[in-house]
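Work through the exercises below with the structure in view. Try each task before reading its solution.

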Amino acid sequence: VVKACYEGGIRVFEFTNRGDFAQNVFSDLNQWAEKECPELILGIGSIVDAPTASLFIQLGANFVVGPLLNPDIFKVCNRRQIAYSPGCATTTEIGFAQELGAEIVKVFPGGNVGGPSFVKNILGPMPWSKIMVTGGVEPTEENLSAWFKAGVVCVGMGSNLFPKEAIKNNDWHKITELSELSLSIAKKYK
């Protein structure tokens with residue numbers, strides 16, 4: 001999946017911390033990617049506590065993303081100068097994340113907290129905000145254009161970018177095509 005996304009132009013990839021021994025898989029992936037995908041920036045996602053953030057930073061994570069805002073994770077990441085993008089769903093959470101040092105705040109789940117209009121309405125009174133949205137992002141012109149027109153600086157996609165059916169069938173070319181398509185749309189509206 002990583003190689004197919006990389007061949008499609010993706011240069012930032014978030015490995016999701018799920019399942020037993022995820023840290024071992026991440027470590028192996030990171031070492032492999034250094035050789036096979038030299039321009040890739042590999043980070044870790046689904047981090048909810050500081051000890052887990054520390055573990056993945058030790059294994060080479062270049063950034064940390066979470067589904068929620070945990071101030072203790074900021075302490076670990078700020079100390080090591082590793083970007084942390086916490087998941088936020090309110091103006092208060094976004095503001096608090098910025099006070100703690102977030103350069104890019106993740107709105108999650110984007111499709112459920114109000115979609116592109118939520119982002120646009122946040123940027124009105126807080127135009128300095130750099131918002132990444134995940135959850136509800138699809139590799140289509142209609143969806144991506146709406147997010148970028150609303151003002152996001154970037155988006156995150158998972159299962160919509162590498163569908164289970166493509167993985168099941170080892171259809172890596174499909175994932176590469178979806179990556180290329182998504183990047184071309186993003187560049188058009190960014």
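**Exercise 1. Where does Gln81 lie, and is Gln81 buried or exposed?**

Solution. Start with the place: Gln81 sits in the loop between α4 and β4. Helices (H or I, at least four residues) and strands (E, at least two) are DSSP runs, numbered from the N terminus. Next, the surface: Gln81 has 74% relative accessibility, so Gln81 counts as exposed. The cut-offs are under 20% relative accessible area for buried, over 50% for exposed, and partly exposed in between (1.4 Å probe, protein chains only). Last, the backbone: Gln81 is not a glycine, yet its phi is positive, about 55 degrees.

The model is predicted: local features need pLDDT of at least 70, side-chain atom pairs count only at pLDDT 80 or more, and totals for chains, interfaces and linings use all residues. Residues are numbered from 1 along each chain as its sequence is written, and side-chain values use heavy atoms, with hydrogens and water left out.

**Exercise 2. How many aromatic pairs does a search of the whole structure find?**

Solution. The search finds four. Rings of Phe, Tyr and Trp (its six-membered ring) pair if their centres lie within 6.5 Å; planes under 30 degrees apart count as stacked, over 60 as edge-to-face and the rest as tilted.

Step one: take Phe13 and Phe162. Their ring centres are 6.1 Å apart and their planes meet at 20 degrees, so this pair is stacked. Phe13 belongs to strand β1 (residues 12–16) and Phe162 to the loop between β8 (154–156) and α8 (164–168), so the pair ties together parts 149 residues apart in sequence. Phe13 and Phe162 are both buried.

Step two: take Phe74 and Tyr84. This pair is edge-to-face, with 4.6 Å centre to centre and 70 degrees between the planes. Phe74 is in helix α4 (residues 71–80) and Tyr84 in strand β4 (residues 83–85), so the pair ties together parts ten residues apart in sequence. Phe74 and Tyr84 are buried.

Step three: look for a cluster. Ring pairs link Phe15, Phe26 and Phe56.

**Exercise 3. Which charged ends sit over the rings of Tyr6 and Phe108?**

Solution. Apply the rule: NZ of Lys or CZ of Arg is within 6 Å of the ring centre and within 35 degrees of the ring normal. Over Tyr6 sits the charged end of Arg11, 3.8 Å from the ring centre. Over Phe108 sits the charged end of Lys106, 4.5 Å from the ring centre. Now follow the chain from Phe108: a cis peptide bond joins Phe108 to Pro109, with omega about -15 degrees. Pro109 lies in the loop between β6 (105–107) and α6 (115–123).

**Exercise 4. What does the side chain of Ser85 reach?**

Solution. Ser85 is in strand β4. Its relative accessible area is 10%, so Ser85 is buried. Its side chain reaches the backbone oxygen of Ile104 at 2.9 Å. Contact means heavy atoms within 4.5 Å. Not counting residues up to four places away in sequence, Ser85 touches Val64, Val65, Gly66, Ile104, Lys106 and Met132.

How values were computed: A polar contact is a pair of N or O atoms within 3.5 Å; within protein, one must be able to donate a hydrogen and the other to accept it, and residues adjacent in sequence count only if both atoms are side-chain atoms.
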